[in-house]
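Colleague: Could you walk me through this model before I set anything up with it? I'd like to go through it topic by topic.

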Amino acid sequence: QVQLVESGGGLVQAGGSLRLSCAASGSIFSINAMGWYRQAPGKQRELVAVITSGGRTNYADSVKGQFTISRDNAKNTVYLQMNSLKPEDTAVYSCNADIITYSGAIRRYWGQGTQVTVSS
């Protein structure tokens with residue numbers, strides 16, 4: 001069994017910062033890419049940022065220079081540092097990870113999501 005658990009969401013004023021964490025646990029042999037997505041009310045889910053096992057990153061244009069994705073491979077954890085938050089960043093943020101289990105299977109796992117609300 002593999003589980004992704006997110007933490008760090010909450011309510012923050014515009015201009016503030018939050019740091020999201022997502023820890024993977026279970027029968028994990030290795031983890032390839034890890035990423036963050038978000039879904040605002042009435043909108044489709046969108047990619048925020050992704051990071052490969054080697055540390056290469058890619059960001060949505062809307063968050064470049066504002067958000068930073070990082071990972072700790074020893075802890076099977078991915079982070080999203082969000083600075084200068086705006087009301088339009090309000091959304092449910094979910095992490096995912098492409099995980100190879102000890103059984104040899106590879107699939108994408110998702111966290112349960114964490115709410116980020118930015119007040120104006």
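Colleague: Let's start with Ser 94: does Ser 94 count as buried or exposed?

Modeller: Ser 94 counts as buried, because its relative accessibility is 13%, and buried means under 20% relative accessible area, exposed over 50% and partly exposed in between, with a 1.4 Å probe and protein chains only. Before we go on, please keep in mind that this is a predicted model, in which local features need pLDDT of at least 70 and side-chain atom pairs count only at pLDDT 80 or more, while totals for chains, interfaces and linings use all residues. Residues are numbered from 1 along each chain as its sequence is written, and side-chain values use heavy atoms, with hydrogens and water left out.

Colleague: Where is Ser 94 found, and which residues does Ser 94 touch?

Modeller: Ser 94 is found in strand 9, where strands (E, at least two residues) and helices (H or I, at least four) are DSSP runs numbered from the N terminus. Leaving aside residues up to four places away in sequence, Ser 94 touches Glu 6, Gly 35, Trp 36, Tyr 37, Trp 110 and Gly 113, a contact being heavy atoms within 4.5 Å.

Colleague: Okay, disulfides next. How many does the structure hold?

Modeller: The structure holds one disulfide, the term standing for a pair of cysteine sulfur atoms within 2.5 Å. The disulfide joins Cys 22 to Cys 95, with an S to S distance of 1.9 Å. This pair links distant parts of the chain, since Cys 22 lies in strand 3 (residues 18–26) and Cys 95 in strand 9, 73 residues apart.

Colleague: And why is the disulfide of Cys 22 and Cys 95 right-handed?

Modeller: The torsion about the S-S bond of Cys 22 and Cys 95 is about 55°, so the disulfide is right-handed. Cys 22 and Cys 95 are both buried.

Colleague: Switching to the sheet, in what order do the four strands come?

Modeller: The four strands form an open sheet in the order 1-3-8-7, with antiparallel pairing; two strands pair if DSSP finds at least two bridges between them. Strand 1 (2–7) and strand 7 are the edge strands, each pairing on one side only. From one strand to the next the twist averages 15°, where axes are lines fitted to C-alpha atoms (for helices over the stretch in contact) and angles run from 0 to 180 degrees between N-to-C directions.

Colleague: How many bridges join strand 3 to strand 8?

Modeller: Six bridges join strand 3 to strand 8, antiparallel, and Arg 19 has Gln 81 in strand 8 as its bridge partner. Strand 1 and strand 3 also pair in the antiparallel sense over six bridges, with Ala 23 in strand 3 as the bridge partner of Val 5. Strand 7 and strand 8 are likewise antiparallel and joined by six bridges; there, Ser 70 has Tyr 79 in strand 8 as its bridge partner. As for cover, five of the six residues of strand 8 are buried.

Colleague: Which residue takes a positive phi in the hairpin of strand 7 and strand 8?

Modeller: That is Asn 76, with a positive phi near 55° in a hairpin that has four residues between the strands. Most residues other than glycine have a negative phi. Asn 76 lies in the loop between strand 7 (67–72) and strand 8 (77–82), and with 24% relative accessibility Asn 76 counts as partly exposed. Ser 84 also has a positive phi, near 50°; Ser 84 sits in the loop between strand 8 and strand 9 (91–101) and is partly exposed, with a relative accessible area of 44%.

Colleague: What about Asp 89, is that one buried or exposed?

Modeller: Asp 89 counts as buried, at 2% relative accessibility, and is found in the loop between strand 8 and strand 9. The side chains of Asp 89 and Arg 38 are joined by a polar contact of 3.0 Å, which is a pair of N or O atoms within 3.5 Å where, within protein, one must be able to donate a hydrogen and the other to accept it, and residues adjacent in sequence count only if both atoms are side-chain atoms. Beyond residues up to four places away in sequence, Asp 89 touches several residues, among them Gln 66, Phe 67 and Ser 84.
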